[in-house]
There are 2 protein chains.
Amino acid sequence: MCHRHQGPSVSIAVVLFELGMQQPHVLLSYSSGGLTLLRVAIDRLDVALDEYAMRFLERTVGLSVSRLMQSITDQDLSQDPPLIDICYYGFSKSQFVNGDDLVWVPLYHLLPDQDHREPAATDSVKAAAHLPPVSDHDLDLLAAALNTLRRSLDRRPVIEEIEPVAFTLSYLQQRTEMLLGTSLHTQNFRRKILESGFLEPIDIAVAQSLGRPALLYQVRSSTRGATID
Amino acid sequence: MCHRHQGPSVSIAVVLFELGMQQPHVLLSYSSGGLTLLRVAIDRLDVALDEYAMRFLERTVGLSVSRLMQSITDQDLSQDPPLIDICYYGFSKSQFVNGDDLVWVPLYHLLPDQDHREPAATDSVKAAAHLPPVSDHDLDLLAAALNTLRRSLDRRPVIEEIEPVAFTLSYLQQRTEMLLGTSLHTQNFRRKILESGFLEPIDIAVAQSLGRPALLYQVRSSTRGATID
């Protein structure tokens, strides 16, 4: 006889963002008629949780990410046994992934309420009608990861692992607006980002179709890994 | 035969702060010659994780808290089986707890590096020598909870569950400095807190030994539960 103690099962859920396609996308997996977050059960834990998740990504999805950030840990009581999900999020440099069951879904098709920019919001609602179902639990995790990410942008406005070698302030503003789902005041954004000390100008300017050439910036090397506290 | 799969064990660790005693204190538990955070194994999960933790507190410590906030989830690989701790923090209104094995320890005796106010820091280092040992894992969880709390003060400078009915701005500044472990510029603090809209003055002023009577404030009722985003 085996009296097995039936505790909750524990897994890591990974929210992987891709920001190179005009609007943020999230990697989901087809599973029995619906879409789910990437998820790996924790069987044996011999490395730190984030390392465990990174190895899972590399093995299953063929993506190597340099860093995963922790979001919330949340329960799903509708599962039997109950599931505890430790949620991480990260950024993919590439949209090429292994696996026919994987799909990049526009973030705001999943979370239309999180996009406060005018025309985009209505588009998202329309498009969302065509998506396979995603569980409320997974949408909660996704919204929480987005929230964690948005707050982290206050402390660290650059996302080093996906930053190009050099970029204009317009590029950074567009991407920040895309992630925040709001439009920003250009002068305030520029003043804040330049005062933060995260960027340094490089001696190259790029021509623009209109107006003056735009200055190029790079992440200041002394701030790599730092946050504004 | 029973082939039991040996997964990690999962528990909730609770960091309970008390702020009424001149400096922040944390509730720890004596356990085999050392001190540990309050911790409850998750056997059967039939309620949300925070609710699970609140019931544990009420049952074991005799404290009822209205709210627990989630901090990090972290592994302890030195345990066998490995332990996953989901960490919550909260505030106790009272220092009276059930249980001879419980003790309130000054926060900065445990984390002297986190106190940047001058004389206090050296006192903490001296006092820390007399403490029973606390594991590195528990100190990591404690530091992470303090960090989460400090960040939350940016978004929500009042801690409603422990706020008195009415208080002066000096009181709030002292408490914020105590939690941040830094001294704040009084004019900046007052300007920021008044602009945040979290407080409203009430028509009572208290006499002070020196200078003008101090105005009393209360948490504005429309902001209860809100954060600055």
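Q: In this predicted model, in which sense do strand β2 (residues 25–31) of chain A and β3(A) pair?
A: Strand β2 (residues 25–31) of chain A and β3(A) are joined over four bridges. In one of these pairings, the bridge partner of S29(A) in β3(A) is T36(A). The sense in which β2(A) and β3(A) pair is antiparallel.

Q: Which residue in the turn between β2(A) and β3(A) has a positive phi?
A: The strands β2(A) and β3(A) form a hairpin, and two residues lie between them. In that turn, a positive phi of about 40 degrees belongs to S32(A).

Q: What is the bridge partner of I12(A) in β3(A)?
A: Strand β1 (residues 9–18) of chain A and strand β3 (residues 34–41) of chain A run antiparallel and are joined by four bridges. In β3(A), the residue that partners I12(A) is V40(A).

Q: Is S92(A) buried or exposed?
A: S92(A) lies in the loop between β5 (83–91) and β6 (102–106) of chain A. Beyond its neighbours within four places in sequence, S92(A) is in contact with several residues, including L16(A), L63(A), W104(A) and I162(A). Its relative accessibility is 4%, and buried means under 20%, so S92(A) counts as buried.

Q: Which backbone oxygen does the side chain of S92(A) reach?
A: The side chain of S92(A) makes a polar contact at 2.5 Å, which is within 3.5 Å. The backbone oxygen that it reaches belongs to S94(A).

Q: How is the aromatic pair of F167(B) and Y171(B) classed, and what is the angle between its planes?
A: A search of the whole structure finds eight aromatic pairs over all chains. One of them is formed by F167(B) and Y171(B), at 5.9 Å centre to centre. Planes under 30 degrees apart count as stacked and those over 60 as edge-to-face, so the rest are tilted. The pair of F167(B) and Y171(B) is accordingly tilted, with an angle between the planes of 40 degrees.

Q: Why is strand β1 (residues 9–18) of chain B described as largely enclosed, and how many of its 10 residues are buried?
A: Strand β1(B) is joined by nine bridges to strand β6 (residues 83–91) of chain B, which runs parallel to it, and by four bridges to strand β4 (residues 38–41) of chain B, which runs antiparallel. Strand β1(B) is largely enclosed by the rest of the structure because the number of its 10 residues that are buried is nine.

Terms used
Residues numbered from 1 in each chain as written. Chains lettered and ligands numbered in written order. Predicted model: local features only at pLDDT ≥ 70, side-chain atom pairs only at ≥ 80, totals over all residues. Heavy atoms only, no water. Phe/Tyr/Trp six-rings, centres within 6.5 Å; stacked < 30°, edge-to-face > 60°. Buried < 20%, exposed > 50% of the residue type's maximum accessible area, 1.4 Å probe, protein only. Polar contact = N/O pair within 3.5 Å; in protein donor to acceptor, adjacent residues only side chain to side chain. Contact = heavy atoms within 4.5 Å. Pairing = 2+ DSSP bridges.
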